[in-house]
Amino acid sequence: MTTGSKQTYYVTTPIYYVNGNPHVGHAYTTIACDVLARFKTLDGFNVKFLTGTDEHGQKVAKAAEEKGITPQAFTDEVSQVFRDMTDFLEITNDDFIRTTEERHIKSCQALWQRIAERNAPDGKPWIELGTYAGWYAVSDEAYYNEDELRDGPDGGKVGPSGAAVEWVEEESYFFRLSAAEQILLDYYDAHKDFIAPNSRRNEVTSFVKGGLRDLSISRTTFDWGIPVPGNDKHVMYVWIDALTNYITATGFPNEEAADYKAFWPADLHMIGKDIIRFHCVYWPAFLLAAELPLPKRIFAHGWWTVKDEKMSKSLGNVIDPYKLVETYGLDQVRYFLLREITFGADGDFSMDGLLNRANGELANEFGNLSQRVLSMIHKNCDACVPEPNALTPEDDEILNAAASVLDPAREALDRQAFNDAIEAIWIVVRAANAYVDKQAPWKLRKEDPERMVTVLYVLTDVIRMLTLVMQPFTPNGAEAILDQLSIPEDRRDFRAFAPGNAPIPGETLPKPEPVFLRLEEPQVTAE
Ligand code: MSP
């Protein structure tokens with residue numbers, strides 16, 4: 001979609017439950033979206049990037065009760081903790097939604113109404129009143145079938161995630177999900193990029209093929225939720241409420257709102273694999289029933305584990321993102337999280353892994369490249385961008401490699417393949433280091449000063465282009481290097497890959513300071 005002449009890009013994180021402190025798993029999803037948002041902005045898109053908090057439901061009501069405060073006071077407090085995390089991680093979201101906000105309540109009620117007014121393909125309304133009798137896991141806020149349960153450690157039954165379930169029997173509105181089965185399967189079939197990675201698409205497809213049961217979408221035994229329009233004895237099931245946040249933030253139900261027109265349907269919902277059923281089955285079914293456009297893509301990433309167990313509050317193996325960033329640095333943590341594993345797969349979190357990536361790649365290969373080149377320029381070229389002489393084929397080769405780095409990075413990020421994007425960049429980082437070693441400008445200083453100047457000039461331009469494309473991944477270090485190259489603010493987006501944006505010979509450069517320092521071996525332990 002376009003606004004004015006600009007293409008738009010709308011990316012969302014899940015909205016976080018307000019029942020504990022943020023951990024690296026939460027930071028991971030948010031950072032991944034932040035990289036995409038920054039990349040698309042630099043690439044000329046008009047970007048909307050949404051995150052926020054999921055505040056209704058039985059789990060939150062219980063947590064507030066245990067603390068002896070009202071749910072509103074409780075959610076005000078904990079929502080702020082997540083907002084602080086986004087600030088601390090320097091996330092570039094342009095909205096932070098809370099599901100307790102008036103705009104969201106209005107939007108949920110409008111969506112409900114719209115679904116209730118429409119009929120499924122069998123000619124019967126999508127929503128009907130009935131009685132729910134079945135299992136419910138409060139900590140997952142999910143309904144489970146008998147065949148999904150196993151015996152838990154305390155004698156009771158637990159759901160697939162290990163969450164305890166309880167028997168619920170109450171009047172409830174149902175969304176006739178069973179009537180959406182074939183429409184969903186046809187949709188998945190016609191839109192191969194809708195669910196990613198492929199393994200998740202297969203998982204969702206076989207789940208739907210296995211048969212869908214109607215979904216209870218309202219509760220009557222507590223009141224911490226959004227009232228069902230026309231029957232305020234019922235509050236909405238927290239997932240119909242939560243999922244709607246993505247469209248609320250565009251101004252829905254006002255379909256004339258500028259953001260709705262520009263940004264809905266979303267380009268990407270980024271989620272963890274544990275919430276795939278809600279996003280890939282329920283959410284599209286609600287939107288199809290409401291006759292609203294579906295998001296273009298849903299990507300489910302894997303879990304960070306610690307010694308092969310999921311990082312979670314209940315297991316007590318949570319890594320605190322604050323301590324991690326304070327110890328290792330924000331760029332280093334961002335880089336590690338997206339570089340270490342194939343996005344989509346699970347990954348085991350280890351401090352050694354982080355140190356290896358930060359020291360081996362960011363410090364030794366990237367930071368050191370700019371440091372040694374800029375120091376040589378400072379000492380040997382009067383701290384000015386040198387004036388090059390005739391270029392050799394080897395100079396052209398490395399310059400072309402750097403100038404071509406954007407395409408594979410862009411292509412990889414459109415697949416959310418963060419590590420492929422970084423690898424494409426790193427091929428050129430390594431080639432640039434090999435070029436430095438081979439040209440050995442420190443030897444040329446005496447043997448052929450004219451050639452030394454050319455080599456250093458070529459390198460300033462190569463470093464400039466590599467740094468431009470690294471900005472979304474390591475924004476602070478990249479900014480520092482671009483400052484050291486005296487690149488003006490208006491030449492830092494990806495238009496600067498076009499010819500005519502190379503550093504200008506004679507331009508003064510500030511004294512270089514090392515960026516991406518080598519880290520010692522501090523250890524941050526799980527909470
Ligand atoms: N509130 C729901 C989302 C509603 S979206 C309409 C929720 N919240 S959550 O706070 O529990 O989780 C938010 C995200 O963090 C999920 O995508 C989840 O997969 C992710 N992570 C939680 N623990 C994680 C790891 N250990 N590793 C990676 N991501 C994990 O679910």
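This is a predicted model: local features need pLDDT of at least 70, side-chain atom pairs count only at pLDDT 80 or more; totals for chains, interfaces and linings use all residues.

Numbering starts from 1 along each chain as its sequence is written, and side-chain values use heavy atoms, with hydrogens and water left out.

The structure holds 33 aromatic pairs (Phe, Tyr or six-membered Trp rings with centres within 6.5 Å; planes under 30 degrees apart are stacked, over 60 edge-to-face, the rest tilted). One of them joins W135 and W167, edge-to-face at 5.2 Å centre to centre, with 80° between the planes. Because W135 belongs to strand 6 (residues 127–137) and W167 to strand 10 (residues 166–175), this pair ties together parts 32 residues apart in sequence; strands are DSSP runs of E of at least two residues, helices runs of H or I of at least four, both numbered from the N terminus.

Y136 and Y237 also pair edge-to-face, with centres 6.4 Å apart and planes at 75°. Y136 lies in strand 6 and Y237 in the loop between strand 15 (231–236) and helix 7 (238–243), so parts 101 residues apart in sequence are tied together.

Buried means under 20% relative accessible area, exposed over 50%, partly exposed in between (1.4 Å probe, protein chains only).

| Residue | Relative accessible area | Class |
|---|---|---|
| W135 | 17% | buried |
| W167 | 46% | partly exposed |
| Y136 | 1% | buried |
| Y237 | 1% | buried |

Elsewhere, ring pairs link Y28, F299, W304, F336, F343, F349 and F418 into a cluster. W303 has K273 over its face at 4.6 Å from the ring centre, and K310 over its face at 4.4 Å (NZ of Lys or CZ of Arg within 6 Å of the ring centre and within 35 degrees of the ring normal).
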